[in-house]
Each structure stands twice: as C-alpha cells, then as structure tokens.
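Hello,

Here is the structure I promised to pass on to you. Have a look at it first, and my notes follow below.

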Amino acid sequence: MAVNLPSSRGKGRRAPMADINVTPLVDVMLVLLIIFMVTAPLLTAGVQVNLPESRAKPLDQDAKPVQITIDQQGAIFLDNSEVTEEGLPPLLEEIATQRGEDKPQVYLRADLRLEYGKVMRVMGELNRVGLNKVSLVTTPVDGG
C-alpha cells in the first residue's frame with residue numbers, strides 16, 4: 001500500500017497509486033496449491049494393502065462407510081486405527097448399536113496374500129453384531 005507524504009523539497013506531488021500489487025497473493029496461492037496437490041493423495045490412501053483383482057462394478061455410496069483393513073501381516077485396522085483381533089468385537093458392537101436400525105456399509109479390504117481364515121474370522125464378527133452390508137474391496141482387472 002502506497003502512502004503519499006508531503007515533501008518540503010519536492011516540487012510536485014506523486015500521483016496516488018491506483019493499482020494493487022497482486023504478485024505476493026499469486027505467490028501464496030501457488031504455494032498453497034502445491035501443498036494441497038502433494039498432501040491430497042496421502043489423505044485418501046489409508047492403510048497400504050495389495051488388494052485382489054475383480055471385474056465387479058463399483059458401488060454407489062452416499063453415507064460414509066466403516067472401513068476395515070487387514071494388511072499382509074494380519075494386523076487389523078478399523079478406519080485407519082490399528083486394533084487387536086480381541087479388541088475388534090467390542091468396537092463393532094459399539095458401531096452397530098450407535099447406528100440402530102440403519103446399519104452402516106462396511107468395506108473390508110484384505111491383502112491378497114492373507115490367510116483365508118483370518119478374513120473369515122473378521123467377517124464372522126461383522127455378521128455376529130449384525131453388520132451384514134459388507135463389501136469386499138478389490139482392484140479392477142487390467143484390460144478387463
């Protein structure tokens with residue numbers, strides 16, 4: 001912002017500055033844009049697992065689903081928070097009772113190389129507490 005102070009030695013006065021310097025604003029906007037471009041993919045990735053491939057159609061989703069992920073070592077994550085196999089049933093019961101009759105959609109993401117029994121134990125707990133809207137998440141088949 002320009003300030004026009006009266007000068008005793010100057011013969012003339014400077015004309016007031018009518019333009020706004022937008023260069024610092026553009027610099028800040030570009031830095032923010034770069035920060036968001038770098039961090040946005042990290043926010044959506046969640047727990048890294050190798051999903052099996054499938055030719056299934058994608059689901060339409062309105063409400064936020066509950067995500068359960070089982071990684072290659074068999075660690076269980078409930079919405080990106082690691083839980084023990086023994087600690088999972090009480091948390092699932094809490095989710096089921098909070099929502100009442102409107103049970104949430106559950107996305108089950110299990111690593112490709114994981115033991116089948118481990119996945120079935122988690123699915124059994126989901127069924128036991130009444131969370132029966134379970135979707136097994138896969139990656140699309142290349143070229144299919």
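**Notes on helix α2**

Just after α2, G100 adopts a positive phi of about 65°; helices here are DSSP runs (H or I, at least four residues), strands likewise (E, at least two), both numbered from the N terminus. Please bear in mind that this is a predicted model, in which local features need pLDDT of at least 70 and side-chain atom pairs count only at pLDDT 80 or more, while totals for chains, interfaces and linings use all residues. Residues are numbered from 1 along each chain as its sequence is written, and side-chain values use heavy atoms, with hydrogens and water left out.

Which residues of α2 are buried (under 20% relative accessible area, with exposed meaning over 50% and partly exposed in between; 1.4 Å probe, protein chains only)? They are L88, P89, L92, I95 and A96. Seen down the axis of α2, these buried residues fall within an arc of 125° (taken from the directions from the helix axis to the C-beta atoms), so they line one face of the helix. On the face turned away from that buried side sit the exposed residues T97 and Q98. The cover over the buried residues includes β2 (66-70), β3 (76-78), β4 (81-83) and α3, where contact means heavy atoms within 4.5 Å.

Helix α2 (residues 88-99) packs with helix α3 (residues 116-128) at an angle of about 35°, their axes 9 Å apart. Those axes are lines fitted to C-alpha atoms over the stretch in contact, and angles run from 0 to 180 degrees between N-to-C directions. L88, P89, L92 and E93 of α2 meet V122, E125, L126 and R128 of α3 in this contact.

Enjoy exploring!
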